[in-house]
Amino acid sequence: ADDNSDTTIDVQTQTRTTLQSLSQAAPLLRVGGLLSILTYPGTNLQEANAVHHFCTGLAMFTTQTEGGWEDYLASSAAGDENYSFIYQALEKVEKARPEKQTWRVFDHRPLGRPISPVLITAMRIK
């Protein structure tokens with residue numbers, strides 16, 4: 001038997017499937033439910049940015065800013081290669097629940113450490 005204990009298996013999440021998972025999980029949450037997402041900008045900056053835009057979009061569901069989450073996304077993520085995936089994920093969450101959803105989203109990142117893991121929490125409050 002070949003025992004190679006030095007073998008490392010790299011496993012990395014993919015942006016598209018991460019957004020699909022988030023868009024499936026968010027509508028399942030009741031009021032008071034919390035999504036907790038840990039992103040790794042040092043490993044996959046594109047995915048970290050996409051998750052950030054998705055969660056900010058959730059927070060923008062009830063904004064009084066003209067254009068809402070769609071204008072936010074168009075102005076902040078239009079150049080992002082994952083723009084269409086982010087848009088589709090937010091649209092799926094919005095359409096999955098007929099009632100208006102209100103989310104509070106927080107980005108917890110260590111200061112002075114730009115590639116450290118970032119915790120994003122999104123709580124459905126209405």
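This is a predicted model: local features need pLDDT of at least 70, side-chain atom pairs count only at pLDDT 80 or more; totals for chains, interfaces and linings use all residues.
Helix α4 spans residues 83–96. The helix has 14 residues, and the distance from its first C-alpha to its last is 20 Å, close to the 20 Å expected at 1.5 Å a residue. Its buried residues are Ile86, Ala89, Leu90 and Val93. These residues lie on the same side of α4, because they cover an arc of only 95° around the axis. The packing partners of the buried residues of α4 are α1, α2 and α3; α2 comprises residues 45–59 and α3 residues 68–76.

The loop that runs from α4 to β2 (103–108) contains threonine 102. Threonine 102 has a relative accessibility of 9% and therefore counts as buried, the limit being under 20%. Apart from neighbours within four places in sequence, threonine 102 is in contact with Thr62 and with Met123, Arg124, Ile125 and Lys126.

The largest pocket has a volume of about 170 Å³. Its lining consists of Val11, Gln12, Thr13, Thr18, Ile37, Leu38, Thr39, Tyr40, Thr43, Asn44, Glu47 and Val51. Strand β1 (34–39) and helix α2 each supply at least two residues of this lining. The largest share, three residues, comes from β1.

Threonine 18, one of the lining residues, belongs to helix α1, which covers residues 15–25. The relative accessibility of threonine 18 is 15%, so this residue counts as buried. When residues up to four places away in sequence are left out, threonine 18 touches Thr13, Glu47 and Val51. Thr13, Glu47 and Val51 are also among the residues that line the largest pocket. With glutamate 47 there is a polar contact, formed between the two side chains at 2.4 Å.

Histidine 52 is located in helix α2. Beyond residues up to four places away in sequence, histidine 52 touches Tyr72, Asp107, Arg109 and Ile120. The side chains of histidine 52 and aspartate 107 make a polar contact at 3.3 Å. Between histidine 52 and serine 76 the separation is 24 residues in sequence, and their C-alpha atoms are 11 Å apart in space.

Key: Residues are numbered from 1 along each chain as its sequence is written. Side-chain values use heavy atoms; hydrogens and water are left out. Helices (H or I, at least four residues) and strands (E, at least two) are DSSP runs, numbered from the N terminus. Buried means under 20% relative accessible area, exposed over 50%, partly exposed in between (1.4 Å probe, protein chains only). Contact means heavy atoms within 4.5 Å. A polar contact is a pair of N or O atoms within 3.5 Å; within protein, one must be able to donate a hydrogen and the other to accept it, and residues adjacent in sequence count only if both atoms are side-chain atoms. The expected span of a helix is 1.5 Å times one less than its number of residues. The arc is that of the directions from the helix axis to the C-beta atoms. On a 1 Å grid over the protein atoms alone, a cavity is a set of points where a 1.4 Å probe fits but cannot get out, and a pocket is an open set with protein on both sides within 12 Å along at least five of seven lines; lining residues have an atom within 4 Å of a point. Grid points are joined across faces, edges and corners, and a volume is the space filled by probe spheres set on the points.
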